[in-house]
Amino acid sequence: MSTPLLSVRDLHVSFKTEDGVVRAVDRLSFDLERGRTLGIVGESGSGKSVTNLTVLGLHNPMFTTVEGEILLDGQELTTAPEPELEKLRGNKVAMIFQDPLTALSPYYTVGRQIAEPYMKHNGASKKEAWERTVEMLGKVGIPNPGQRAKDYPHQFSGGMRQRAMIAMALICDPDLLIADEPTTALDVTVQAQILDLLKDLQQEFGSGIIFITHDLGVIADMADDIMVMYAGSAVERGTTEQVLRSPQHPYTWGLLNSMPRLDSDTGARLSPIPGTPPSLLNPPSGCRFHPRCAFQGRVAGAGRCTTERPPLATDRASACHLTADQKRTIFIEEIKPRLG
Ligand SMILES: Nc1ncnc2c1ncn2[C@@H]1O[C@H](COP(=O)(O)OP(=O)(O)OP(=O)(O)O)[C@@H](O)[C@H]1O
Ligand SMILES: [Mg+2]
């Protein structure tokens, strides 16, 4: 088998804070192949953004401890020097952030901020870079892009800033694109255009995409594979078809039950998962989901869920002590009828 584009192994990320050490990512492993899209889902605070910012080396080393391996095309990133990472960012790897103001500086025009890295990474002339910038701004749906490229970020609406950032991420045709809730702030028509743009990029350049979203309709449309995260680790993974059609982890069941679905026209009643995500300062022992799980009583071996953390195998897997048979049966008999 060829090397995956991205390979994350046993990643731990923790932050030193005034209250103590926040273990934001804990024992996380996954692979991404070229030309594929991995969708990451999970409640707010489950570590989706931290994982991806870590891949880009964007944490302040003063307060952050990173352990484990992040291999991009076989190159280890956790120990790579900052200049090396800077070369990768915006060229080989690009990210569309949740908040566009993280990516745009208030001091330069939008066009300049998109054109300059393009010039730098591609050896393009100023004129070529500007033309390509205007073309990209047009592609992401900025009206009158030639004029608007000369505006500063504060002259753009929130949705336009989001689109400008997407243009900035796509202009260098990155091998790996990380899109963190890229279209949440946009209206449905523009959202569809952007998603098509991402698909085109992938077709043309075989890029790998990590796509984070709360929208299961978008995940179903975009992702080849899904990883479900809870409290800093992956609890389930599989192909999109496997995870959406026959989920095998009690947390995924709860998540599916609590998220709106594009394909349900009946507006079936959504029920949130009882309880709240755990504190990452002092996470629960055993399975981190056990305090909220309705199924621990069915696991053979009393108290096992509170003491023993279930591992997650690679490929199709769910980190839960229920047997494979129990997972299948509970889903089909008790969960599926509720999802409609
Ligand atoms: N710099 C930091 N210092 C301390 N804690 C942090 C820092 N950055 C993130 N965290 C904590 O790490 C955990 C994971 O955060 P993260 O932003 O990855 O969540 P998320 O899954 O992206 O959530 P959302 O869906 O809301 O974007 C949270 O508890 C968050 O408060
Ligand atoms: Mg986030």
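Mentor: Begin with the pocket lining: H3 gives the largest share of the lining of the largest pocket, 6 residues. Keep in mind that this is a predicted model.

Trainee: Which elements give two or more residues to the lining of the largest pocket?

Mentor: The largest pocket has a volume of about 690 Å³. It is lined by 24 residues, and those nearest its centre are Arg89, Gly90, Ala103, Pro117 and Met168. The elements that give two or more residues to this lining are strand E6 (93–96), helix H3 (110–122) and helix H6 (158–170).

Trainee: How many residues in the lining of the largest pocket are nonpolar, by class?

Mentor: The polar class has 5 residues in this lining, and the charged class has 5. The nonpolar residues number 14.

Trainee: Which element gives the most to the shell around ligand 1?

Mentor: The ligand is surrounded by 14 residues, with Ser44, Gly45, Lys48, Ser49 and Val50 the closest. Two elements each supply at least two residues of the shell, namely strand E1 (6–17) and helix H1 (48–55). The one that gives the most, with 3 residues, is H1.

Trainee: What percentage of the accessible area of ligand 1 does the protein cover?

Mentor: A polar backbone atom of Gly47 is 3.1 Å from an oxygen atom of ligand 1. An oxygen atom of the ligand also has a polar side-chain atom of Lys48 at 2.8 Å, and one has a backbone N or O atom of Val50 at 2.8 Å. On its own, ligand 1 has 640 Å² of accessible area, and the share that the protein covers is 65%.

Trainee: Why is one side of E2 and one side of E5 left without a neighbour in the sheet?

Mentor: The open sheet of 4 strands has the order E2-E1-E4-E5, with antiparallel pairing. Strand E2 (20–32) and strand E5 (75–76) stand at its edges, so one side of each has no neighbour in the sheet, as each has a single partner strand.

Trainee: Which residue in E4 stands opposite Phe15?

Mentor: E1 and strand E4 (residues 64–72) run antiparallel and are joined by 8 bridges. In this pairing, the residue of E4 opposite Phe15 is Thr64.

Trainee: Which residue in the hairpin of E4 and E5 takes a positive phi?

Mentor: E4 and E5 run antiparallel, joined by 2 bridges. Leu71 has Glu76 in E5 as its bridge partner. The hairpin has 2 residues between the strands, and the residue with a positive phi, near 50 degrees, is Asp73.

Trainee: Which are the edge strands of the open sheet of 7 strands?

Mentor: The order of this sheet is E6-E7-E8-E3-E9-E10-E11, and the pairing is mixed. An edge strand here pairs on one side only, and the two that do so are E6 and strand E11 (317–318).

Trainee: Which residue in E8 stands opposite Ile40?

Mentor: Strand E3 (residues 37–41) and strand E8 (residues 208–212) run parallel, with 4 bridges joining them. The residue in E8 opposite Ile40 is Ile212.

Methods:
Residues are numbered from 1 along each chain as its sequence is written. Chains are lettered from A and ligands numbered from 1 in the order in which they are written. This is a predicted model: local features need pLDDT of at least 70, side-chain atom pairs count only at pLDDT 80 or more; totals for chains, interfaces and linings use all residues. Side-chain values use heavy atoms; hydrogens and water are left out. A residue is near a molecule or strand if one of its heavy atoms lies within 4 Å of it. A polar contact is a pair of N or O atoms within 3.5 Å; within protein, one must be able to donate a hydrogen and the other to accept it, and residues adjacent in sequence count only if both atoms are side-chain atoms. Accessible areas come from the Shrake-Rupley method with a 1.4 Å probe; for residues, only the protein chains shown count as cover. Two strands pair if DSSP finds at least two bridges between them. On a 1 Å grid over the protein atoms alone, a cavity is a set of points where a 1.4 Å probe fits but cannot get out, and a pocket is an open set with protein on both sides within 12 Å along at least five of seven lines; lining residues have an atom within 4 Å of a point. Grid points are joined across faces, edges and corners, and a volume is the space filled by probe spheres set on the points. Ala, Val, Leu, Ile, Met, Phe, Trp, Tyr, Cys and Pro count as nonpolar, Asp, Glu, Lys and Arg as charged, and the others, Gly among them, as polar.
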